[in-house]
Amino acid sequence: MYKNPIETKEYKDLKKHYNSIQKDSIRDLLEEKNKENTLDNFSIESDGILFDFSKNLITKETINLLVKFADSMNLKSEIDRMYAGKKINKTEDRAVLHTALRETEDKQYSVDGTSIMPLIEQERNKMKNISEKVRLGKWKGYGGNAITSIVNIGIGGSDLGPLMATEALKAYSDRNLSIHYVSNVDGSDIMEVLAKCNPETTLFIIASKTFTTQETMTNANFAREWLVNHFDSTEAVSNHFLALSTNIEAVIKFGIDKENILEFWDWVGGRYSLTSVIGLSTMISIGYDKFYEMLKGFNSMDNHFRHKPLNENIPVLMGLLGFWYNNLFEFDTHAVLPYCQYLHRFPAYLQQGDMESNGKSIDRNGNKVNYSTGPIIWGEPGTNGQHAFYQLIHQGTKIIPSDFIGYINPTNSTDDHHEKLMANYFAQTEALAFGKSIDELKQENIEKELIPFKVFEGNRPTNTILFNKLTPYTFGQLISMYEHKIFTQGILWNIYSFDQWGVELGKVLAKKILPELKYNFSEKLQHDESTNKLINYYKKNRN
């Protein structure tokens, strides 16, 4: 039996400590009461990353108690079990070994006593050969023209990961290739992408483990029809389609050659699959060497997480701080704010990674939890967010812990853009921590009537994450850091982070409703009154 976290002695000690400091402020902790909350005490520098957590509602005792709590939940042994290939995804009876995908040294990972590294190397080499062939113009379409457009068709992790990575690393991409992503079953998604493509020079990547996912296969079949109609031949499919799947029979039936099928495995969860063959579109965009550099960044953070003591471990401390705010302060949301336009899809990617993993209400013993689990994750790049929702973060009634992600050196040299961006980056965390008091406003001779409106209470906690520059390597570090934070919190909440049963019910009901939307459906609808009325209204008004 696994422990209920809030019934442990260590949690109860943490609760007592919370009661003693909950009315303190970050200003007090940093300036007046406790000189220990400085960058030296509350920051970690590792392999080019600075993780500064000094602007938090914490003391040294907080961190010590949080680490003791993590020990009581057996976090270290659970980390070891994951890396050892134990089937920690219990409800699906699967190992969790996405870390093996980015192993760049001669280390062994095994599942059921069998090494998986030869399989990984085999598929990685396939990816390399395909990407180089496309990038060198040697992959020819059915009409003999070189491929210039790649369309990745997938959904969930088969879309969010490679799309986010391709956008993040666009500065390193081959600009002679256009990379597109289609995920939504709304036909407008694929229509808008195909409007930019030429059938003669387009290569489709169908990313679906089962090759049965409704949204993906609807779009894949539409793309196939578009291509076949252009060439007036089904033989064209083999020149213009690749599959990332395990359902070989279905892929071949679709018309894709067996040598154009790349495999991934059930020990790779969809939202953790970017470094598997799911990342093929990203590899085509940036090339094998840059993709491999990204893998090394992932691997660096993987090793940091695996070997560093808990109190010196960046993902662990991120997870513990999130637990502190989610479960003690009862703050329900967490903002991720990258001050980097290339990371504009990162918050959306992280929403799936975090909320699909830890949005659970049943613990590992099969019992309903009696405490809060995963927070709502959201965000937007700075400085755009400053002119949108920062008003609520600064002066609203909700406290929103936030991560600020920044880079010391810009990806592109453009006058003083970067200094202005980073001035805002540093200013926002300072303003959120310290705010502006009535006394300060009076000293500035602000009109008495305006003072209440210009008060900033501050006391909004933030983490500051600084990298030297956005490169494939540092990008890998960033993604791995958040992956392991998610794992850490899953252990602290005693939930299974690697299944996602919550997405199934809607899919089942959608399959039942689909035939009911046809004009010739004559059977009586068997839903609740509200749903029946909505379906009938839809059918009545459908042109």
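## The second largest pocket

In this predicted model, 18 residues line the second largest pocket, and those lying nearest its centre are Tyr339, Cys340, Gln341, His418 and Leu421. The space inside comes to about 420 Å³.

Helix H16, covering residues 417–434, is the top contributor here, giving four residues to the lining of the second largest pocket.

## The largest pocket

Now for the largest pocket, which has a volume of about 1,100 Å³. Its lining runs to 39 residues, with Thr213, Gln500, Val503, Glu504 and Lys507 lying nearest the centre. Sorted by class, the lining of the largest pocket holds 16 polar, 13 nonpolar and ten charged residues.

Which helices each supply at least two residues of this lining? They are H6 (157–168), H8 (214–231), H14 (346–358) and H20 (504–513). H20 gives the most to the lining of the largest pocket, with six residues.

## Where H4 meets H12

Away from the pockets, there's a helix pair to look at. The axes of H4 (residues 75–83) and H12 (residues 288–307) come within 9 Å, crossing at roughly 135 degrees. Angles over 145 degrees would count as roughly antiparallel and 65 to 115 as roughly perpendicular, so H4 is oblique to H12.

On the H4 side, the contact involves Lys76, Ile79, Met82 and Tyr83, which meet Asp302, Phe305 and Arg306 of H12. Taken together, the residues of this contact are four nonpolar and three charged, with no polar ones.

Conventions:
Residues numbered from 1 in each chain as written. Predicted model: local features only at pLDDT ≥ 70, side-chain atom pairs only at ≥ 80, totals over all residues. Heavy atoms only, no water. 1 Å grid on protein atoms, 1.4 Å probe; cavity = no way out; pocket = protein on both sides within 12 Å on 5 of 7 lines; lining within 4 Å. Points joined across faces, edges and corners; volume = space filled by probe spheres on them. Nonpolar A, V, L, I, M, F, W, Y, C, P; charged D, E, K, R; others polar. Axes fitted to C-alpha atoms, helices over the stretch in contact; angles between N-to-C directions. Parallel < 35°, antiparallel > 145°, perpendicular 65-115°, else oblique. Contact = heavy atoms within 4.5 Å.
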